[in-house]
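Hello,

Here is the structure I promised to pass on to you. Have a look at it first, and then read on for what turned up.

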Amino acid sequence: MAEEVIILKDLKLVPDKYYDYSQTLRNSKTPIVIDNGSFTCKAGWATSSVPNLIFKNILARPRKERGKKDGETLIGNDIANIEAVRFQLKSQFDRNVITQFNVQEQIFDYTFSHLGIDSNGSINHPIIITEPVANPNYSRLLMSELLFECYHVPGICYGIDGLFSYQHNGHNGKTGLVVNCGHHTTHIIPVINGTPDLINSRRIDVGGYHITYYLHKLLQLKYPAHYNAITPSRAEELLYEHGFLAVHYTDALKQWSDPEYYDHNVKRIQLPYSMAVLLTPDQQRDKRREMAKKLVEMNARKRDEKLAEDEEQLHQLLMIREMIEDGEPIEEVREVLRSHGLKNEKDLRKLITDLQTRIDRAKSKIAAASLSASNVDEHVTEEPKLRLFKNKIQLPKEESISKTWLKDIYKKRQDIIDKKTVRKQRRQDMAKRGTAASLERMRLISQLARKDKRDDDFGSRDEDWDVYKVINKEGGDTDSEEEQEKISELEEVLRFYDPTFVSSNNNEEQNPKEAHQLHFGIERMRCTEVLFQPSIIGCGQGGITDTIEFILKKYNDQTANDIAENVFLTGGPTKLPDFKQRVYRELREMRPLESNINVKLSDSPFLDAWSGAREFANKQDFHKYLLTPEMYAEMGGDYFIENSCSNMYCPLPEAVQEPEGLSEQNLEI
């Protein structure tokens, strides 16, 4: 087995800093570039070489607690521990389409404020923002409405993230195929002479989220004892740190079935754990004394709080009684009594009497508690009594415990454990074919089951019990509660007289470090296989290479060959090891003999979409592709200006007005 034990990083998010809004930026119309992905949002100025902000596109709104104000809304890297607020997380996305624009507005507020923009009421910079393939018109309409009417931006440009990455990597004007693997979906877009063929593009509903989710569930099923310790964040870390794509999945499965290969390739992951601290008798006594003192203080504090409440209530009731004695108006007195839940003066007198009795009793208890508080230490300092079971052990009478006596206790305990181990081994031998025990058992069973026996009187003699014990899978004996009770009794004696004793009957007590280790083996490639075989998680769609083959069949041979010669991979999951080799191998199998196939991985799968959008924003003719507020008002909210990296503009159909006088009767056939 691999000796190296990998410690989980459990990286905490670092809050984003607030940038300065320089006078140069304030006076210019520098575009703001936003790669609005469903996993992370990358945002920054078009003059920056890298995004100024990179944060997870999520929002955490803590639940409102009774008697407290609403908690502060946390966004992106402000969420220090995602797992602590996992069930309060919100996203603006439904898969890869934005549907929750109230969340999107808060994401924009976070983005613009951290970029340092402090202009009141408007963002005086054009925005270029990414969107998915075939983004619904209604989603784009609401996005334009948000940016124009809430932030008053001077212009908007929309584009597809995968196509921005394609152009950034030097494929502008070329024929090829873009495989954009995102968080929730994977888009495959053919590009003909630099123009995306969106009609023949396809979407697969699997992505990085599904790989992480599947790995998370695999590990939780494999290690149910560590169900809570295996979190989605840790599964994500394991995926991108140690996951990979199998170039030949079935061949790799056969390799993992070899124990030697498994031992050399499995990753041992160390989960956090806490060592059990063995306290000496003096430390145990101090701990009990401290706990008893805290308990006394807590009870005293509760009594004081209750006494203060009762005295305050009594004071108010006495004031009401004085009002009655002073002859205040009856209506006013009734109103005051009603506000305190009282019907009449009789109930008032009864409640006053009960409160006075309760207060006197509480004061007497407090006085008695203060007198007995000094005696707490005396009771706590008593040594714990040794609890023994039914079969009492003869304890040594002398004060000094001899090593011989302790050694004898150790031996008795070990004898019982050895007996249980032998019994367990016999059960295992009985379950395996070919062992001497199982062969002897089968021989006796076949002899007893012969049909030529005259009388079937097995069991009528005492000697038959010995034969039964031989053929019984339990070996004629089972683990009894009495044995376990005896072990517990012996271990308690050892703990009492030997502070250094550690039970070896429990694996977690014996070695908690190994008990909190995960063996990350075949799961490393099994989870990533979802991208190429979505049926593993119950998705009825084809995988990446199946979809590529489907798309290539829509073109003539020459065009299909040109596309296969330039397959471009982008998106976060494509940085997994051997992703490129897996796509190449399957394309080689599906394409005709001697076809020229070239698969290229993006230089930076995670950032190239933002970098491509930044390059587009820095073009001299960028202003021609900006949707202005005047166009928005005239053409409608779903309108936008097409560019080489955008979707096609397909206007919403106009509403058809019914002719006057047309009734349902006239429509009947």
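Which residues in α20 meet which residues in α22? Before the reply, please keep in mind that this is a predicted model. On the α20 side, the residues are I544, T545, I548 and E549. They meet F579, V583, E586, L587 and M590 in α22. Sorted by class, the residues of this contact come out as six nonpolar, one polar and two charged.

If you want to find that pair in the viewer, α20 covers residues 544–552 and α22 covers residues 579–590. Their axes come within 10 Å and cross at roughly 45 degrees, and the two helices are therefore oblique to each other. The crossing is right-handed.

Another helix pair to look at is α5 (residues 208–222) with α6 (residues 232–242). Here the axes are 9 Å apart and the packing angle is about 110 degrees, which makes α5 roughly perpendicular to α6. From α5, the contact uses G208, I211, T212, L215, H216 and L219; α6 brings in P232, A235, E236, L238, L239 and Y240. Eight of the residues in the contact of α5 with α6 are nonpolar, three are polar and one is charged.

Now to helix α23, residues 608–617. Nine of its 10 residues are buried, so α23 is largely enclosed by the rest of the structure. The buried ones are D608, A609, W610, S611, G612, A613, R614, F616 and A617. What do they pack against? Their partners are the strands β2 (32–36), β3 (40–45), β10 (127–131) and β11 (156–160), together with helix α4 (161–168).

How many disulfides does the structure hold? The number is zero. Take C157 as an example: the closest cysteine sulfur to its own is in C645, 8.7 Å away, and that is too far for a bond, because a disulfide needs the two sulfur atoms within 2.5 Å. C157 is also buried, with a relative accessible area of 0%. C539 counts as buried too, at 17% relative accessibility, because the cut-off for buried is under 20%.

Happy browsing, and do write back with any questions.

Best wishes

Conventions
Residues are numbered from 1 along each chain as its sequence is written. This is a predicted model: local features need pLDDT of at least 70, side-chain atom pairs count only at pLDDT 80 or more; totals for chains, interfaces and linings use all residues. Side-chain values use heavy atoms; hydrogens and water are left out. Axes are lines fitted to C-alpha atoms, for helices over the stretch in contact, and angles run from 0 to 180 degrees between N-to-C directions. Helices (H or I, at least four residues) and strands (E, at least two) are DSSP runs, numbered from the N terminus. Angles under 35 degrees count as roughly parallel, over 145 as roughly antiparallel, 65 to 115 as roughly perpendicular and the rest as oblique. A crossing is left-handed if the near helix is turned anticlockwise from the far one by less than a right angle, and right-handed if clockwise. Contact means heavy atoms within 4.5 Å. Ala, Val, Leu, Ile, Met, Phe, Trp, Tyr, Cys and Pro count as nonpolar, Asp, Glu, Lys and Arg as charged, and the others, Gly among them, as polar. Buried means under 20% relative accessible area, exposed over 50%, partly exposed in between (1.4 Å probe, protein chains only).
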